[in-house]
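Look over the model shown here.

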Amino acid sequence: MKIINAQLEKIAVNQKQYPNANLPEIAFAGRSNVGKSSFINSMLNRTNLARTSGKPGKTRTINFYNINEEFRFVDLPGYGYAQVSKKEKDKWGYIIEEYLNTRKNLVEIIQLVDIRHEPTEQDLIMYNWIKTFNFTGIIIATKADKISKGKYQGNLKIIKNKLEIQDPNLIIPYSSSKKINKDKVWSVFKDILMKNKEQQSK
Ligand code: GTP
Ligand code: MG
C-alpha cells in the first residue's frame, strides 16, 4: 500500500464528533498497552502519528486516521488498565459500544493481543462482541519480536484456544518495531477494502 497521505482527522468520544461516514473504516481494539497505536504507526511508516506510550491508558478517545482520503484507521481506547476508576471503565464501554452500534461505514474491527500472554477475560468479551457484530474476527498478535520464532506456534495455540478461534489463519503474528508481517497484514486489509467496494457497487 502506498501511503500518500495519512493524518489524524478527528478525536472523538461520541457520535456527534465522528468524521463524516463517507469512508470505509478499519478499527483496532485491544488491551491498553498491547500496541494499537504502534501498530498504526508502523503500518503507515510513521513514527509518531498515533501517540504511543510505555504508560498504559494513553489512548482514551477514538482517534480517526485518514489515509489517502480513501479509508480510515480507527484507534479505539484500550481496555483492561487496572489503574482506572470504575467510572472510567464504564465510560470506555460506552464509547466503544456507541461506535460499534452506530457506525455504518465500519467494515472490519481487528483485535490486538500480546503474543506472549494468554488473552484475558476482557479480551474474550471483546472478541465475542466482534463476532456478535458479524465481523471476521481477525487477531493481530503483537510484539512478536519479543519471542523467538520457534515459540510462535505454541503461543498462537494458546490464543486460539482461549478465544475459541476455529481458523488459525485468523491470527497473525506482528511486530511494529521489526515490521514482521507488515506486508501480509496490508494484503489482508486491501482484501477487506476491495470486498467492501464490490459490495457497495452492487
Ligand atoms: P493504549 O493507548 O494505552 O491503549 O496503548 P496501545 O495499545 O496504543 O499501545 P502502544 O502502541 O502505546 O504501545 C505500548 C508499548 O508497547 C510502547 O512502549 C511500545 O513501544 C511497545 N510496543 C508496541 N508494539 C511493539 C512491538 O511490536 N514490539 C515491541 N518490542 N514493543 C512494542
Ligand atoms: Mg494507544
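W92, G93, I95, I96, E98, Y99 and L100 are the buried residues of helix α2. Buried means under 20% relative accessible area, exposed over 50%, and partly exposed in between, with a 1.4 Å probe and protein chains only. Helices (H or I, at least four residues) and strands (E, at least two) are DSSP runs, numbered from the N terminus. The cover over the buried residues of α2 includes β2, β3 (62–67), β4, β5 and α3. Contact here means heavy atoms within 4.5 Å.

This is a predicted model, in which local features need pLDDT of at least 70, side-chain atom pairs count only at pLDDT 80 or more, and totals for chains, interfaces and linings use all residues. Residues are numbered from 1 along each chain as its sequence is written, chains are lettered from A and ligands numbered from 1 in the order in which they are written, and side-chain values use heavy atoms, leaving out hydrogens and water.

The expected span of a helix is 1.5 Å times one less than its number of residues. Two helices can be set against it.

| Helix | Residues | Expected span | C-alpha span, first to last |
|---|---|---|---|
| α2 | 17 residues | 24 Å | 24 Å |

Now to α3. Its buried residues include D123, L124, M126, Y127 and I130. They cover an arc of only 160° around the axis, which puts them on the same side of α3. The arc is that of the directions from the helix axis to the C-beta atoms. An α-helix has 3.6 residues a turn, so residues three or four places apart point the same way. The face of α3 turned away from the buried side carries exposed E121, I125 and T132. Among the elements covering the buried residues of α3 are β2 (25–30), α2 (86–102), β5 (106–114), β6 (139–142) and α4 (152–162).

How many of the six residues of β2 are buried? Six of the six are, so β2 is largely enclosed by the rest of the structure. E25, A27 and A29 lie on one side, and I26, F28 and G30 on the other. In a regular strand the side chains alternate between the two faces of the sheet. Strands pair if DSSP finds at least two bridges between them. β2 runs parallel to β4 (residues 71–75), joined by four bridges. I26 has F73 as its bridge partner in β4. β2 also pairs with β5 in the parallel sense, over six bridges. There, A29 stands opposite Q111.

A nonpolar core is a set of buried Ala, Val, Leu, Ile, Met, Phe, Trp, Tyr and Cys residues joined through side-chain atoms within 4.5 Å. The largest one has 41 residues, of which I26, F28, F39, F73, I110 and F189 touch the most other members. Helix α5 (residues 182–200) gives the largest share, five residues. Apart from this core lies another of 19 residues, among them I62, I95, Y99 and F135.

Strand β5 contains D114. D114 counts as buried, at 11% relative accessibility. Its side chain makes a polar contact with the side chain of R116 (2.8 Å). A polar contact is a pair of N or O atoms within 3.5 Å; within protein, one must be able to donate a hydrogen and the other to accept it, and residues adjacent in sequence count only if both atoms are side-chain atoms.

N68, between β3 and β4, has a positive phi of about 55° although it is not a glycine. N68 is buried, at 14% relative accessible area. N134, between α3 and β6, has a positive phi near 65°. N134 is exposed, at 71%.
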